[in-house]
Amino acid sequence: MCEYCGCRENPAIGRLMDEHDQLLTQLDRARRQLAAGDGAGLEQTLTEFGALLGAHTGLEEAGIFAAMKQAGEFVEVVDELTQEHRDLDSVLAALDTTAADLDQQLVVMTADLTEHIDKENNGIFPASVVSLHPQDWLVVERAHAHLGPGHDHGHDGHGHEHGHQHDDEHGHEHDPH
């Protein structure tokens, strides 16, 4: 991950980068749990992943992304990254933990998320440090104060729950949310 520009020293950006690391760690854990046949652990990890992903993308969009748009900086890039958030939401919602190809789905999701994170850590975050003015950072600070730790992380910051298909021990599908 990025360490060359010092943007991680900004508390808001540092937090988002730390969450990127956590998200990738959770997907790696999910793959290991799948390989070990730990269905309950896999379900729990994917639930935690969905909650963190939703809270994280909501915070990015209400904070750094909104500030960049307000400043008129890299608006097209922000729009592209926001669309990638929606795409990740869709992929997560479509995961079926009983699918034979679940490992491959997780591999693809990890690759997509890694590419997305690279665009943020090595693109929009460093750009924000040099582009945003103090009044723009107020948008980021307000978002972090409003959507920071302790808020409902079961939703994605856009009013949508993250869910994926599950089967209970009797083969009946249910949504844990």
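Start by selecting His-116, which lies in helix H4 (helices, H or I with at least four residues, and strands, E with at least two, are DSSP runs numbered from the N terminus). Setting aside neighbours within four places in sequence, His-116 is in contact with Glu-60, Leu-81, Glu-84, His-85 and Leu-88, where contact means heavy atoms within 4.5 Å. His-116 has a relative accessible area of 3% and so counts as buried (buried is under 20% relative accessible area, exposed over 50%, partly exposed in between, with a 1.4 Å probe and protein chains only). Now show side chains: that of His-116 makes a polar contact with the side chain of Glu-120, at 2.7 Å. A polar contact is a pair of N or O atoms within 3.5 Å; within protein, one must be able to donate a hydrogen and the other to accept it, and residues adjacent in sequence count only if both atoms are side-chain atoms.

A word on what is on your screen. This is a predicted model, in which local features need pLDDT of at least 70 and side-chain atom pairs count only at pLDDT 80 or more, while totals for chains, interfaces and linings use all residues. Residues are numbered from 1 along each chain as its sequence is written, and side-chain values use heavy atoms, with hydrogens and water left out.

From His-56, look across to Gly-148: the two C-alpha atoms are separated by 9.3 Å, although the residues are 92 apart along the chain. Gly-148 lies in the loop between H5 and strand S1 (166–167), and Gly-148 is buried, with a relative accessible area of 1%.

**Zoom out**

Switch to cartoon for the whole chain. There are five helices and two strands, running α-α-α-α-α-β-β from the N terminus on. Of the 177 residues, 42% count as buried. Of the contacts with a separation of 6 or more, 70% are between residues 24 or more positions apart.

**Along H1**

At the N-terminal end, Asn-10 is the cap: a side-chain oxygen lies 2.9 Å from the backbone nitrogen of Ala-12. After H1 comes Gly-37, with a positive phi near 75°.

Within H1, pick Gln-26. Gln-26 is buried, at a relative accessible area of 10%, and beyond its sequence neighbours within four places it is in contact with Thr-45, Glu-48, Phe-49 and Leu-52.

**The cores**Select Ile-13, Ile-64, Met-68, Ile-124 and Phe-125 next: these have the most contacts inside the largest nonpolar core, which has 20 residues. A nonpolar core is a set of buried Ala, Val, Leu, Ile, Met, Phe, Trp, Tyr and Cys residues joined through side-chain atoms within 4.5 Å. The elements giving two or more residues to this core are H1 (11–36), H2 (39–71), H3 (75–94), H4 (102–131) and H5 (134–147). H2 gives the most, with five residues. Apart from this core lies another, of 17 residues, among them Ala-30, Leu-53, Met-109 and Leu-113.

Centre on Ile-13 and show what surrounds it. Leaving aside neighbours within four places in sequence, Ile-13 is in contact with Cys-7, Arg-8, Ile-64, Phe-125, Ser-128, Val-129 and Trp-137.

**Two last stops**

Go to Leu-42 in helix H2, which counts as buried at 4% relative accessibility. Sequence neighbours within four places aside, Leu-42 is in contact with Ala-30, Gln-33, Leu-34, Thr-97 and Leu-102.

Finish at Phe-74, in the loop between H2 and H3. Phe-74 is partly exposed, with a relative accessible area of 38%. Its phi is near 55°, a positive value in a residue other than glycine. Most residues other than glycine have a negative phi.
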